[in-house]
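Here are a few exercises to work through with the model open beside you. Try each task yourself before reading its solution.

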Amino acid sequence: MRMKAAILFEQGLPRPYAKSLPMVVEEVELDPPGPGELLIEVAAAGLCHSDLSTIENQRPRPLPIVIGHEGAGIVREVGAGVTDLKEGDHVVTVFAPSCGNCRYCVRGRPNICPTGNSFRAAGQLPTGTRRLKRLDGTPINHNSGLSLYAQYAVVARRSAVKIGKDIPLDDAAIFGCAVMTGAGAVLNTAALKAGEQVAVVGLGGVGMNALFGAVAAGAERIIAIDTNPQKLELAKQWGATDVFLAGNADCAAQVREATDGGVDTVIETAGSIPAMQLAIAITARGGETISAGLPNINAQVSYLHASMVSEERSIRGSYMGSCVPERDLPRLLGLYRRGKLPVDKLKTSHITFDQINEGFDLLSDGAVLRQMLRPNA
């Protein structure tokens, strides 16, 4: 079938993207789903910092490629062997599908299944195929097995989780990355309990979902930190008990003073080394620093190792919120239904293909939370 898609031909083009146009909208060919695959109509796809980092060449990818990894849609066709989904079902996509057989999968940690790295590097679906090509026949690579900046997508069965039709699809799309990553870091990785304290460093879409997760967990004190004063105001409205401006030179000292020596659990979601350094600096003795933000693949952070030992502090990563999608998406959507994860508040705007490059300019400026691309609008 023929459809429209936004293709990235070159990484690292200069800003403003509204002029350099890294995302080029073209009509392309999409092959039908093969065995173990689905064809979905993409209802909504979020503009996420992970996609921005691909445009910036923070994460090299095989080109040309259709990016977009956070979304939801409607099943329009199923391939051979797919028996548990049917045409018309609603699904949320999963950007880190698992094999189900490796030692990580069998231990309940499918989010770190290594098979994702191989197909991601090859620009393929988890089934080992490519279903996209330009009209002249040139193959187009897939991003994270999804490629959602398109009107339709062929994905592996294990890259989708069925959801109820009562969930608006442009809300459901945010669960595919920002909610699992942010709320999951709080509820799964940190296992935050009622009455505990937590700080969130970085208030983008992932950070705000970490804030929502902390509220849902019943945290007694929630400290929100960002460089954008407007986001701090939103954080106060949405449940933060304390806010601090990260741009202040003495921000770490202010937090430590206000918290009697630091915060027990600190979640870093900005994906930058300064943010991670701040997160480590405000972690209390015996506390835990959890990073859910992905910086440049070669970025390094330093810390005083002796202090980590003598103060019994720990530093951990959290990928996809330590989620098991089939288990956690229904739980998270249940919190949404009860008003505990109000992700609809994060939607800054709905955009079309014509606005996608400008949308990434706004995201890079830190001026928005979640812009939702509606490819079929």
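**Exercise 1.** Find the loop in which Glu312 is found, then decide whether Glu312 is buried or exposed.

Solution. Step one: Glu312 is in the loop between helix H10 (305-310) and E16; helices (H or I, at least four residues) and strands (E, at least two) are DSSP runs, numbered from the N terminus. Step two: the phi of Glu312 is near 50°, a positive value in a residue other than glycine. Step three: Glu312 has 66% relative accessibility and therefore counts as exposed. The classes are buried under 20% relative accessible area, exposed over 50% and partly exposed in between (1.4 Å probe, protein chains only).

A word on the ground rules: this is a predicted model, in which local features need pLDDT of at least 70 and side-chain atom pairs count only at pLDDT 80 or more, while totals for chains, interfaces and linings use all residues. Residues are numbered from 1 along each chain as its sequence is written, and side-chain values use heavy atoms, with hydrogens and water left out.

**Exercise 2.** Work out the strand order of the open sheet of six strands, and find what packs on it.

Solution. First, the order is E13-E12-E11-E14-E15-E16, with parallel pairing; two strands pair if DSSP finds at least two bridges between them. Second, strand E13 (242-245) and strand E16 (314-317) stand at the edges with a single partner strand each, so one side of each has no neighbour in the sheet. Third, the twist averages 20° from one strand to the next. Contact means heavy atoms within 4.5 Å; axes are lines fitted to C-alpha atoms, for helices over the stretch in contact, and angles run from 0 to 180 degrees between N-to-C directions.

**Exercise 3.** Describe the surroundings of Asn357.

Solution. Begin with the element: Asn357 lies in helix H12 (residues 356-364). Then check accessibility: Asn357 is buried, at 9% relative accessible area. Not counting residues up to four places away in sequence, Asn357 touches Tyr17, Ala18, Leu21, Pro22 and Met23. Last, the Asn357 side chain reaches the backbone oxygen of Met23 at 2.9 Å.

**Exercise 4.** Which residues does Ile65 touch, and where does Ile65 lie?

Solution. Ile65 lies in strand E4 (residues 65-66) and is buried, with a relative accessible area of 0%. Leaving out residues up to four places away in sequence, Ile65 touches Ala6, Ile7, Leu8, Ile140, Asn141, His142 and Asn143. Now step back to Pro64, in the loop between helix H2 (49-55) and E4: a cis peptide bond joins Leu63 and Pro64, with omega about -10°.

Key:
Polar contact = N/O pair within 3.5 Å; in protein donor to acceptor, adjacent residues only side chain to side chain.
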